[in-house]
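Please open the model in your viewer and keep the sequence panel beside it. The stops below say what to select and what is to be found there.

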Amino acid sequence: MKRIALAAAAALALAPAAATAAVTVKGSDTLVILAQRWSENYMKKNPGKKIQVTGGGSGIGIAALINGTTDIADASRKMKSSEMEKIRDRFNILPVETPVAKDGVTIYVAESNPVSQLTIQQLHDIYAGDVTNWKAVGGPNAPIVLYSRENSSGTYVFFKENVLKGDDYAASAQTLPGTAAVVNAVSKEKNGIGYGGAAYAKGVKEIKIVAKDGQAYAPTADNVKTGKYPLSRNLFMYTRGKPAGEAAAFMNYCLSPEGQAIVTQVGYFPVK
Amino acid sequence: MSSRIVAMFAAAALAPAAAFAQETQGAAPAVDPAIVEGKVDSLSEQYAETKVDVEKLKKLSFSGYVQGRWSWLENATYETGAPARDNFYVRRARLKAAYSGDMGQLVIQLDAAPDKTALKEGYARLKLPSGMSLDVGLQLLPFGYEVGVVSSSGLDLLERSSASGRWLKGEYDVGAALNARFGAVSFRGGLFNGNGVDGANGKDNDQRKDVIGRLAVDLGVVTGGLSGWYGKVIDYTSATNKVYDRTRYGADVQVFLDLLPVGGTAVKAEYLMGTTAIGTGAGGGGDALGVKGYGWYGTLLQSVGLHDQVAVRYQQYVADKDLDLAANPTKVKSVNEVSVAYHHYFGDAIKLSLAYYHPMNGDKGATASTDPKADNVTAQLQAKF
């Protein structure tokens, strides 16, 4: 009887481990293309290993890390202290932050838009709804059409903190479910403006941002690496405690020279 | 989400047009762009209105939890009244609503039990500059870790330590408290009635207010706090209306370690000393007026994988440190207890817990028993949202 009970207990204990053999990576839509590329290459090099990558936004990934449904959370923003506390309370461990790539949050406008640079204050006024016509920032006499991300997006939070300085987005801003959707919308709307990761800027014009030194900087590799581009940021992977096992092996690959070369291929900037 | 709703609306609106276009494929264009544009404009307008409504609703949030329990108490006697913690019972059934506005917040929390429904929290919050806020009303006592920080739904051993149960009875009190955070340091404290939500129905019997507060530090791996409480109690039952001190001092520390491959490890400890317990009746007579005591605990917590956790606690509780055992040979001065709990999480909302408590008499009078015969086994299923 005791043996049966022990066997049943062992089976119960091992069943979840078998079911979660694949490493799950969830979160930032900014990072999702890069994470998928990493995962494809890693699985090619390591047959039998399985990495499952899904997007949804940084907030979704961090929530999954808190409730234990993902091994790695991708995030395009830093974890909030309240989120760290939730992980600590639930798992008796602190989350560990690993920067895996650099990005410059890029401001997109239609290719036909003559505006080529903006200050952070102008961007603030545009997205807060205080400036509603391109004429006010050196453009044509036309209404500005705002595109934004959903509030589960790390880019949404980063933009709100660093451009809007905590103020609310204008009610007229149309929220779209991914950076690709923002780029697509801006490319088709001549009066549109949107923001997102540098890797997505295809078929749209990138706006230079005026830094504190008065110079306007484009989101190039050098400007992002040196931090001259005012909207430079790190992209992160978060784990519950130190990365371990298969998750650690995958993250080591992402940070390896090969993994960091993929960062450049996708359109972001390496951290190493 | 909102964009998906718009996409659905747009798809629904455009579907008939698309179907019609398919039927008339090859014929002249049947869809007037002006009509489609009008429909899209109409949907955009509806979407904008919906967005405003949803923004309002997002300010209102609900949370709560239910704890269904079965307990077995050693040596339980029913002849003198049913023990409070034996057999099946509902420990907590809480529902909390919060509405956040631009300048403040209102919070109401109800605790429903088979015999009564009581208000546990009911306060108004005014947001102040620099991230500070002022809470006025019935709120959590800003004292200690077990009471001031940890929710009843997150207790490592299902119940707080005996010292918290005595000197922070009821856990809530009516007053006004300031909340502030400066980097890793935070403060919560203010003026309270001092009787707790259970004492004198939460009302004070005199003009003397108690000053209660906790200064905390959060360094990530290590957190902790120092708590203080200074107040007075008037004994109206005495002819002289004698005034007694109602004071508490507390210190707590929590350490979170990433040591073992199976999961995180936490060590928590708290010390609390107090004078005069919280009154249990109206009139301010209070409980154990002027009596001094103390208590402490140390807890070791180990997560095992993603779904399991084990906790072990040792605590000591001295209700009256000046008790003369020579004069009271049948009495017990200190009670020590070792307890162990196992928790299993089903997803993020359901938790099954099993706990065992073994109290032992420490310092005692010559004729008092070593074993208080009060072991307890508790099983609990908690649902939280």
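Which residues are buried in helix H5 (residues 120–128) of chain A? Select the helix and colour Gln122(A), Leu123(A), Ile126(A) and Tyr127(A), which are the buried ones; a residue is called buried if 20 or more other C-beta atoms, placed from the backbone, lie within 10 Å of its own, exposed if 12 or fewer do, and partly exposed in between. Helices (H or I, at least four residues) and strands (E, at least two) are DSSP runs numbered from the N terminus. Before going further, note that this is a predicted model, in which local features need pLDDT of at least 70 and side-chain atom pairs count only at pLDDT 80 or more, whereas totals for chains, interfaces and linings use all residues. Residues are numbered from 1 along each chain as its sequence is written, and chains are lettered from A and ligands numbered from 1 in the order in which they are written.

Stay with H5(A) and look down its axis: the buried residues fall within an arc of 125°, so they line one face of the helix, the arc being that of the directions from the helix axis to the C-beta atoms.

From Gly129(A), go to Leu65(A); their C-alpha atoms are separated by 35 Å, and the two residues are 64 apart along the chain. Leu65(A) is found in helix H3 (residues 58–67) of chain A, and counts as buried because it has 27 C-beta neighbours inside 10 Å. Leaving aside neighbours within four places in sequence, the contacts of Leu65(A) are Thr70(A), Ala73(A), Ile87(A), Pro95(A), Tyr238(A) and Arg240(A), where contact means that the C-beta atoms, placed from the backbone, lie within 7 Å.

Next, select the open sheet of five strands in chain A, whose order is E2-E1-E3-E13-E4 and whose pairing is mixed; two strands pair if DSSP finds at least two bridges between them. Strand E2 (51–54) and strand E4 (95–104) of chain A stand at the edges with a single partner strand each, so one side of each has no neighbour in the sheet. Zoom in on strand E1 (residues 23–27) of chain A, which runs parallel to E2(A) and is joined to it by four bridges. Here Val23(A) has Ile51(A) as its bridge partner, while Thr24(A) stands opposite Gln52(A). E1(A) is mostly covered, with four of its five residues buried.

Finally, turn to chain B, whose secondary structure comes to three helices and 16 strands and in which buried residues make up 30% of the 385 residues. To see where the chains meet, select the 21 residues of chain B that are in contact with 17 residues of chain A. Helix H1 (2–23), helix H2 (33–57), strand E10 (243–260), strand E11 (263–277) and strand E12 (287–304) of chain B each supply at least two residues to this side, and E11(B) gives the most, with four residues. Which part of this list lies largely in the open? Select H2(B): of its 25 residues, the number buried is zero, so this helix lies largely in the open.

Notes
Contact = placed C-beta atoms within 7 Å.
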